[in-house]
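Visitor: Please show me the sequence and the model. I have some questions about how it is put together.

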Amino acid sequence: MADVIIIGGGPSGCAAALGLNRLGYRVVLCDQAKFPRDKVCGEFISPAADPILKRLGVLDRIEALSPKRLKGVAISSYEGEEIVIDYPQLPGMDARPTSLSVPRYELDANFMEQVKQVGVEVREQHKVTDFLFAEGLVNGVRGWDENKTSFTLKAPLVIDAGGRNALSFKKMDLKKESGGDTKIAMAAHWEGAKIADDYCYMHVSRPGYTGISSVGKDRANLVLVVNRQSMHGEKPDKFYMDTVMQNCHRRKILQDAECIESIRSIESLAFSVKPVTCGGLLLVGDAMGFIDPFTGEGIYLSLRSSEIAVEVADKAFKKSDWSNEVLKDYEVRRRQEFDKKFLLSRLFQKLIYSRFFCDRVVRALQRKPELAETLVGVIGDLSPAQTAVSFKFLLRLMSA
Ligand SMILES: Cc1cc2nc3c(=O)[nH]c(=O)nc-3n(C[C@H](O)[C@H](O)[C@H](O)COP(=O)(O)OP(=O)(O)OC[C@H]3O[C@@H](n4cnc5c(N)ncnc54)[C@H](O)[C@@H]3O)c2cc1C
């Protein structure tokens, strides 16, 4: 029998598997997909993820892909001037940090390879469809494999790393959609884009925003996020192309570029998740909640949530107690660490869809480079979110 069953082999599931494997636990990881598989994503990873990737033993693999390293963020508001902000060099750092920019198709496949290499039992094309319970605690899963043959697996702990459509949401009614308009994200890779420098280029203008960054080998990734209503029923391919080219900064970058694949899209972005009330189950990665990708830290939060989950799981195993009483420490710790970041993301959402505020903030950041660096340090998960989510910071920003 396994010690832990993990549902999902994205960054969070793989990070949990690697962490638990290192502590000597027997892990079975099920994913409904066959790897390599793709995913709609901005594809840049907060610089703060580097030490975690190193601890997990995957950084060398990723570096071997010759990924791009980005120096920070360039941002423009409603076709105004672009401002460029570097990640800050904080005390104790030898140099300014950079962020990895690598296609998810390759990143996730390499994560999965590492998981297999360390000896975790990986079951691809295994879709988990239900939880098993004993005395009110989750103690296993059931599902279907690639031949449509049913399987059951038992373990005292199940980690749901199933992402935005995690099984727990359906089975335990845990998902809380954020109010407001439904967002849709559309993404594709381009060749021949003229990207001036190694930054993630964020261009905010009606009807939404784009993130463009080089992912190496003359390829750039371009994600467009808009309110669904703004599409007026148009097909994603045409809408994406027309909208992208409406912005002067993007036109400059893409004038000689070619979109090399059909547009992939994903709906309804931000949501939060209610705490799990039973024992034997932990939720990591996007399954613990999702913030709009404007601030681009989903992968870091996924890795970090799995690190916390592994520590809490280890305590539960040492006590042979997988009850909610013991496991809820995970919920407390992840809230302490992430809640302010989620709040910052929600503030950004309000801000970018208002031209008045967006222009004002971008101008303020241009006038006060030290505030801009502080903010990008928080976005890059290098500094705690409270550095920017404070009355003092907001006052300085608004008076700049
Ligand atoms: C438009 C967009 C842009 C983004 N840009 C960025 C960015 O630039 N930088 C960044 O850091 N983050 C970004 N993110 C967020 C990032 O993609 C996620 O935070 C990250 O993928 C979460 O990883 P995960 O492992 O939790 O989930 P996932 O990567 O979604 O993996 C979940 C896995 O679970 C499997 N699964 C699901 N259900 C089951 C089941 N029942 N049985 C078996 N397997 C199952 C799936 O097949 C999948 O492989 C972006 C997200 C979006 C939508």
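Visitor: Which residue in β12 is the bridge partner of I5?
Guide: This is a predicted model, in which local features need pLDDT of at least 70, side-chain atom pairs count only at pLDDT 80 or more, and totals for chains, interfaces and linings use all residues. Residues are numbered from 1 along each chain as its sequence is written. Strand β1 (residues 4-7) pairs with β12 in the parallel sense over four bridges, where strands are DSSP runs of E of at least two residues, helices are runs of H or I of at least four, both numbered from the N terminus, and pairing requires that DSSP finds at least two bridges between two strands. In β12, I5 is bridged to V158.

Visitor: And in β21, what is the bridge partner of I159?
Guide: β12 also pairs with strand β21 (residues 281-283), again in the parallel sense, over three bridges. I159 has contacts with V4, I6, A16, L282, V284 and A309, leaving aside residues up to four places away in sequence; a contact means C-beta atoms, placed from the backbone, within 7 Å. The bridge partner of I159 in β21 is L282.

Visitor: How many residues of the shell around the ligand are charged?
Guide: The ligand has 40 residues around it, and G10, G42, G163, G285 and G298 come nearest; a residue is near if its C-beta atom, placed from the backbone, lies within 6 Å. α8 gives the most to this shell, with four residues. Ala, Val, Leu, Ile, Met, Phe, Trp, Tyr, Cys and Pro count as nonpolar, Asp, Glu, Lys and Arg as charged, and the others, Gly among them, as polar. The shell has 19 nonpolar residues and 14 polar ones, and its charged residues number seven.

Visitor: Which residue takes a positive phi in the hairpin of β16 and β17?
Guide: Strand β16 (residues 208-216) has eight of its nine residues buried, so the rest of the structure largely encloses it. β16 runs antiparallel to strand β17 (residues 219-227), with eight bridges between them, and G211 stands opposite V223. Two residues lie between these strands, and the one with a positive phi near 50 degrees is K217.

Visitor: Which residue in β16 stands opposite Y201?
Guide: Strand β15 (residues 200-205) is joined to β16 by five bridges, in antiparallel fashion. A hairpin of two residues connects β15 to β16. Opposite Y201 stands I212.

Terms used:
Two residues are in contact if their C-beta atoms, placed from the backbone, lie within 7 Å. A residue is buried if 20 or more other C-beta atoms lie within 10 Å of its own, exposed if 12 or fewer, and partly exposed in between; C-beta atoms are placed from the backbone.
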